[in-house]
Amino acid sequence: MSITDKKDKTTISVTSVISGDDQSYEANKGWFNNFIDSFKPADVDKIGMNVDEFEKLTVVEKANVVAANAPLKRALKKRHLQMIAIGGSIGTGLFIGSGGALATGGPAALVIAWTLTGMAMFCTVQALGELCVAFPVAGSFVQYNTRFVSPAWGFCMSWNYALAWLVTLPLELVAAAITIDFWDSSINSAAWVTIFLVLIMFINIFGIKGFGEAEFVFCLIKVIAIIGYIILGIILNCGGGPKGEYIGAKYWHNPGAFASGFKGVCTVFVTSAFSFGGTELVGLAASESENPRKMLPSATKQVFWRICLFYLISLTLIGFNVPYNDERLLHNSGAAASPFVISIVNAGIKGLPSVMNAVIIVAICSVCNSAVFAASRTIASLSDQGYAPKFFGYIDRQGRPLVGVGISFLFGFLCYLAASENHSTIFTWMLSISALSSIITWGSICGCHIRFRMALKAQGRDTGELTYTAQTGVLGSWFGMILNALIVVANFWVALFPGSEADAESFFQTFLCVPVLIVFYLFWLFYTKDFNFFVSPADIDIDTGRREVDLELLKHEIAEEKAEIAARPFYYRLYKFWC
């Protein structure tokens with residue numbers, strides 16, 4: 001069903017939650033007919049109010065109602081969310097991109113950039129966890145921008161986030177084909193691209209269950225590989241490799257800790273942000289999890305361990321084991337430029353570089369899978385909020401946003417541009433669209449959390465009604481938002497002045513995301529004539545979409561849960577705090 005708000009000229013797609021147990025359409029038709037029927041539209045009979053009541057709502061209120069009643073399947077289990085939180089964003093940014101960052105900034109720049117970005121990321125995920133547990137609605141933080149800031153900002157950020165993931169898919173597919181060249185460069189890359197594209201299509205046939213199971217396996221492999229490398233890296237650094245050479249911290253002295261001083265550190269921030277991209281997906285998946293209230297807090301806490309263990313420790317070892325002036329970091333491509341592979345090759349270990357290359361391919365497949373998931377859900381949310389044609393929100397009986405998935409794969413076919421003579425220029429400009437998107441998205445999530453707390457205060461309510469509150473509090477969100485803003489400013493300087501003089505091409509290749517946001521905002525102003533950039537805190541809707549509607553009962557349950565934890569031994573309370 002769709003309803004058009006004549007006053008605001010905004011079309012809203014109205015949907016409803018369909019129980020995961022509702023499979024009446026499968027009655028004795030046979031598996032093939034059931035499979036075909038599963039692509040039919042989900043039933044959308046109820047929105048909890050009649051049409052007349054719905055038409056009286058504002059655009060923001062309509063978007064909140066629709067997001068709270070989207071027919072997505074709640075099939076993700078606790079193990080899926082936890083593994084996505086721990087290893088979901090580990091991909092080419094860490095395995096390959098860190099090599100270029102090491103060459104540009106040096107080992108100290110790696111540690112500084114990833115530490116600061118990790119701090120901002122931790123504050124962001126904590127804020128996102130609080131919001132998603134309270135409002136496990138379709139679109140997650142994409143929809144929160146409309147709810148807590150304004151329709152204008154929601155429109156800009158939703159399209160910005162969708163575009164970032166749409167261009168990520170072809171970029172990662174090409175990266176997968178290049179990685180294969182580590183073993184055999186004689187086969188045309190188009191053949192490998194096709195194989196990976198078909199694999200991702202096959203996974204997404206199974207909807208959220210396919211995504212969850214595939215990510216669980218992909219992330220498990222990545223986590224095991226990183227832990228294995230950390231152990232190996234320590235052994236190699238201490239002289240336990242085949243060559244028996246003690247490395248220690250000699251590369252921090254010669255060639256040095258910094259490659260290009262302060263500007264080099266600022267340059268590395270883009271790569272560090274890219275490597276953390278996708279961490280927020282644990283929030284996007286909340287609306288499709290079985291019990292966000294129980295599962296999401298644990299998943300968000302475990303992001304801390306990913307940042308410390310998988311990023312900071314592994315990259316510190318990379319800085320110890322690979323000199324930043326190693327020519328392979330910049331002159332090689334694919335896995336051959338990975339500092340993880342280079343450090344193993346330097347140690348004289350045979351066989352392991354191929355194993356690491358296989359892990360990199362798994363990581364790329366994981367990112368491709370996440371790209372389709374994120375882009376398709378964001379496209380459906382755009383339709384729900386009235387920011388895109390209503391057919392973009394088509395969701396079938398298995399909870400698959402089919403149009404969103406289809407658009408994602410249409411962009412995926414851009415990977416065949418790799419055969420073009422100008423493919424390098426094309427992909428550089430595609431990458432520029434998503435380069436800073438993650439940082440701006442994280443800052444916006446922190447801003448939404450701040451606005452949510454402001455709304456609670458303005459409406460005479462407090463955090464006592466929240467099942468989960470961010471461990472970093474609202475101050476953590478201020479810190480996260482300011483730090484993300486400073487990272488954007490640093491990148492503005494580096495993009496505009498890559499050398500001693502200003503360079504327009506370099507600026508737009510790094511900073512294109514910001515002009516794109518400005519274009520989206522100007523389009524919004526021209527189309528809607530809505531100049532209101534902030535919704536008043538007193539008018540923010542802090543009820544629609546909450547699964548626990550009896551606040552007094554909820555407060556009582558929260559108090560009982562806290563009392564139960566407080567009565568447990570110290571080691572259990574410590575475990576619950578961190579995990």
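**Entry 1, salt bridges.** I looked up Arg 328 and Asp 326, whose side chains meet in a salt bridge at 2.7 Å, N to O; the term requires a side-chain nitrogen of Lys or Arg within 4 Å of a carboxyl oxygen of Asp or Glu. Asp 326 is buried at a relative accessible area of 13%, whereas Arg 328 is partly exposed at 26%. For these classes, buried means under 20% relative accessible area, exposed over 50%, and partly exposed in between (1.4 Å probe, protein chains only).

I note that this is a predicted model, in which local features need pLDDT of at least 70 and side-chain atom pairs count only at pLDDT 80 or more, while totals for chains, interfaces and linings use all residues. Residues are numbered from 1 along each chain as its sequence is written, and side-chain values use heavy atoms, with hydrogens and water left out.

My search of the whole structure gave eight salt bridges. One of them joins the side chains of Arg 79 and Glu 213 at 2.7 Å, N to O. Arg 79 lies in helix H4 (residues 78-87) and Glu 213 in helix H10, so this pair links parts of the chain 134 residues apart. Helices (H or I, at least four residues) and strands (E, at least two) are DSSP runs, numbered from the N terminus. Arg 79 is partly exposed at 34%, and Glu 213 is partly exposed at 34%.

I then took Asp 543 and Arg 461, whose side chains meet at 2.9 Å, N to O. Asp 543 sits in the loop between H24 (513-528) and H25 (551-566), and Arg 461 in the loop between H21 (437-458) and H22 (473-496), 82 residues apart. Shared partners join Arg 461, Glu 465 and Asp 543 into one network. Asp 543 is partly exposed, with 39% relative accessibility.

I found Gly 412 in helix H19 (residues 402-412). Gly 412 is buried because its relative accessibility is 0%. Leaving out residues up to four places away in sequence, Gly 412 touches Leu 169, Pro 170 and Leu 173, where contact means heavy atoms within 4.5 Å.

I checked H6 (residues 107-134): its 28 residues reach 41 Å from first C-alpha to last, close to the expected 40 Å. The expected span is 1.5 Å times one less than the number of residues. H6 is mostly covered, with 23 of its 28 residues buried.
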